[in-house]
Every structure is written in structure tokens, then in C-alpha cells.
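These are my notebook entries on a structure that is new to me. I record what I looked up, entry by entry.

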Amino acid sequence: MHILVVEDERRLADLLRRVLTEERHVADVAYDGASGLDMALGGAYDLLILDLMLPIMDGFTICREVRKAKLDAPVLMLTARGAVEDRVTGLKTGADDYLVKPFAMEELLARVEALLRRRDRELDMSRQMRVADLTLDLTRHEARRGERLIELTPKEFALLEYLMRNAGQTLTRTQIVDHVWRYDAEALSNVVDIYIHYLRDKVDRGAEHPLIKTVRGVGYRIERQ
Ligand code: CA
């Protein structure tokens, strides 16, 4: 999974990245609140780990802005303070869990896995997705553009599902490979370009408003309508 760590204590931030990477997650790190928020808004993360006290912008504000932008990635808040009011404020701003420093890495990893499992269950329950007139039915494994049924291979379906889950956000080739091809060593970033080409041909061909956009030098995005 793709995890963002926003933590200004560099040693802790780098340790978190290392520990998460060992657990086969992909972790990005920001050392201040403003760049953390930028990354959170642009990154299509599966989980955010936010320190509370940060330069420029605190963890509460990041969390509030992320929720305002309708991003529903779970948020784990870290703080040196254990006060009840911090906990309450944290949960009110949309944080899902709370961990008081200093903590054991095992404890952090257990919380991370629990939040990711909960998110998976919630995503499983939303079995229908829609962007403009494009719909994806995960139960019947069907894609439609308006009334037209689109025949997709399993990989094309997984790619479209990932784009639609993150509609409005640009996804890098690396993120797409991580999610759609998992740890398949054969998967290279040019595989993404090839599959996007197939998908575009099936989803957007002849459509008045093409939905799959190329973001030059970055990756791909499906427009949120
Ligand atoms: Ca701090």
C-alpha cells in the first residue's frame, strides 16, 4: 500500500519509512505540514500518518483539509502529547486513530494494518462506481459507458477500477504498477502506457468527452465529473 508520513523529526520519519518499506509498503515522507498537505492532496495514498506538531501547518489542519477535499484515506495521528482534548480534536478533524509518542514500532504497524484492513472492507462494500456516464459494477464485473457494455480483460478492469477509485487525482506509473500489478517483477512502467492505450480505445473511443487524461511526465488521471 502507498503510505504518506508527515513528520518533522527526521530520524523518526526515516525510521518509519524504513519500517514500512520492510513491510512491503511504499512510503513517502514530508518533513513539514505544507508539503505534507500538498503530497496528501496529490498522491492517492491509502493511509496518512500525520505528526501533530509540525512546522508551517499542524497535523489537525492537514487532516481537516484532506477531508474537505473528500479524500477518505485513513489517518493515523502521532503526537507527543497524550491529552484528552488532543485526542478529541484529532478525531473531530477526521483522524481515524491516534498514537502517543514514544511508541513501539510493533504498535504502529499493528494500527496501520488494522486501518488498512478496515479501509479494504469499506471499499468492498461500495460495489458500484461511477464517473460521468462510465460505471463499474464490481459484483457483476461489468463496465459500461452509458448503455454500452465494455469488454475488459482482468488487468484492464483492475486498472480502470484503480483510476476510478482515485478519480480526479493523477496517478504515477509507479503507483499504478504497485496497485494493479502488485509485485509482479515483469511489470514495467511501459506496461502501464500500453494498458492505458487499450483502455482508452475501449472506454473513450468515439466519446464526446474522453475521461482518461494523460498528465505529461507524471502519469494518468480519470476526470471526476
Ligand atoms: Ca513534531
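Helices (H or I, at least four residues) and strands (E, at least two) are DSSP runs, numbered from the N terminus. I also noted that this is a predicted model, in which local features need pLDDT of at least 70, side-chain atom pairs count only at pLDDT 80 or more, and totals for chains, interfaces and linings use all residues. Residues are numbered from 1 along each chain as its sequence is written, and side-chain values use heavy atoms, with hydrogens and water left out.

Entry 1: the sheet with β8.
I looked up strand β8 (residues 142–145) and found that it pairs with β9 in the antiparallel sense over three bridges. Within this pair, A143 stands opposite I150 in β9. Both strands belong to an open sheet of four strands, ordered β6-β7-β8-β9, with antiparallel pairing. β6 (128–131) and β9 (148–150) stand at its edges with a single partner strand each, so one side of each is left without a neighbour in the sheet. From one strand to the next, the twist averages 20 degrees.

Entry 2: the helix on this sheet.
I then asked which strands helix α6 touches when it packs on the sheet. Helix α6 (residues 154–165) touches β6, β7 (134–137) and β8, where contact means heavy atoms within 4.5 Å. The direction of α6 makes about 115 degrees with that of β7. For such values, axes are lines fitted to C-alpha atoms, for helices over the stretch in contact, and angles run from 0 to 180 degrees between N-to-C directions.

Entry 3: the helix pair.
I found that α6 packs with helix α7 (residues 173–181) at an angle of about 125 degrees, their axes being 10 Å apart. That makes α6 oblique to α7; angles under 35 degrees count as roughly parallel, over 145 as roughly antiparallel, 65 to 115 as roughly perpendicular and the rest as oblique. At the contact, K155, A158, L159 and Y162 in α6 meet Q175, I176, H179, V180 and W181 in α7. I sorted the residues of this contact into six nonpolar, two polar and one charged. Here Ala, Val, Leu, Ile, Met, Phe, Trp, Tyr, Cys and Pro count as nonpolar, Asp, Glu, Lys and Arg as charged, and the others, Gly among them, as polar.

Entry 4: the sheet of three strands.
I read the order of this open sheet as β10-β12-β11, with antiparallel pairing. Its edge strands, β10 (171–172) and β11 (212–215), each pair on one side only. β11 pairs with strand β12 (residues 219–222) over four bridges, and V215 has G219 in β12 as its bridge partner. α6 packs on this sheet too, touching β10 and β12, and its direction makes about 70 degrees with that of β12.

Entry 5: strand β3.
Is strand β3 buried or exposed? Five of the five residues of β3 (residues 47–51) are buried, so the strand is largely enclosed by the rest of the structure; buried means under 20% relative accessible area, exposed over 50%, partly exposed in between (1.4 Å probe, protein chains only). L47, I49 and D51 point one way, and L48 and L50 the other way. β3 pairs in the parallel sense over four bridges with strand β1 (residues 2–6), and over four bridges with strand β4 (residues 75–79), also parallel. I49 stands opposite V5 and has L76 in β4 as a bridge partner.

Key:
Pairing = 2+ DSSP bridges.
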